Amino acid sequence: LISKGFTPESACGILGNIEQESGFLTSATNGTHFGLCQWGGGRFAALSELATDRSKKWTDLQVQLDFLWSELEGVKSSVKTEIIGTTDMHHATDIFCRKYEICGNYNIEVPRRYKKAQKWYNILVLGKGLKDQQKDNASSVGEYTSGVNGKTYKIYRQQDYPNTRYWNGSISSKGCGLTT
């Protein structure tokens, strides 16, 4: 993706989506959708046709990557245009989810996908392994600077407040909205 012009942030946004869709398994299926990006209907038929034209199976990694790129250059070019140059990983993750993957349960799915995108950014861009990420997640306060408006926000993680009373529990157990 980076060799095709995507920023690290936009590439990681796409990776977060793909991991959520298929776990990076080219043979993933839910019965009606297939592959890395869980293509269904006419999109899966087009993927299968590409594979057949190359005398490959639809599960072939290169076939699926080429199909993804062909969609980003063709019928989904507006998605590519919108995210290719962004440095806002939230935006890239959100747009790819809504306009390329067209996922259901959007309000639940985007945060999951962003978490995976952040994991890939930490590994591929920041060079952090899993132990480094676990240390980062243990910290209660961090900062996030939005690529959209340039404002810096403090990050509070609810798991760091197990004993702080909130409603009929604690911030850790009940405070998702509060800590967000």
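Let's start with Cys 12: its relative accessibility is 3%, so this residue counts as buried. Keep in mind that you're looking at a predicted model. From here, we'll visit the cysteines, then the aromatic rings, then one aspartate.

**Cysteines**
- Cys 97 is buried too, because its relative accessible area is 0%, and the cut-off for buried is under 20%.
- How many disulfides does the count come to? The count comes to zero.

**Aromatic rings**
- Seven aromatic pairs turn up in the count.
- Take Phe 24 and Trp 120: their ring centres are 5.6 Å apart and their planes stand at 90°, so this pair is edge-to-face.
- This pair ties together distant parts of the chain, with the two residues 96 apart. Phe 24 is in the loop between α1 (8-22) and β1 (33-34), while Trp 120 belongs to helix α6 (residues 106-124).
- Is Phe 24 buried, exposed or partly exposed? Its relative accessibility is 33%, so Phe 24 counts as partly exposed.
- Phe 34, Phe 44 and Trp 58 come together as one aromatic cluster.
- There's also a charge over a ring: the charged end of Arg 43 sits over Tyr 100, 4.7 Å from the centre of that ring.

**Asp 94**
- You'll find Asp 94 in helix α5, which covers residues 89-101.
- Asp 94 counts as buried because its relative accessibility is 14%, and anything under 20% gets that label.
- Which residues does Asp 94 contact, if you skip its neighbours within four places in sequence? They are Tyr 106 and Val 110.

Notes: Residues numbered from 1 in each chain as written. Predicted model: local features only at pLDDT ≥ 70, side-chain atom pairs only at ≥ 80, totals over all residues. Heavy atoms only, no water. Helix = DSSP H or I, 4+ residues; strand = E, 2+ residues; numbered from the N terminus. Buried < 20%, exposed > 50% of the residue type's maximum accessible area, 1.4 Å probe, protein only. Contact = heavy atoms within 4.5 Å. Phe/Tyr/Trp six-rings, centres within 6.5 Å; stacked < 30°, edge-to-face > 60°. Lys NZ or Arg CZ within 6 Å of the ring centre and 35° of its normal. Disulfide = S-S within 2.5 Å.
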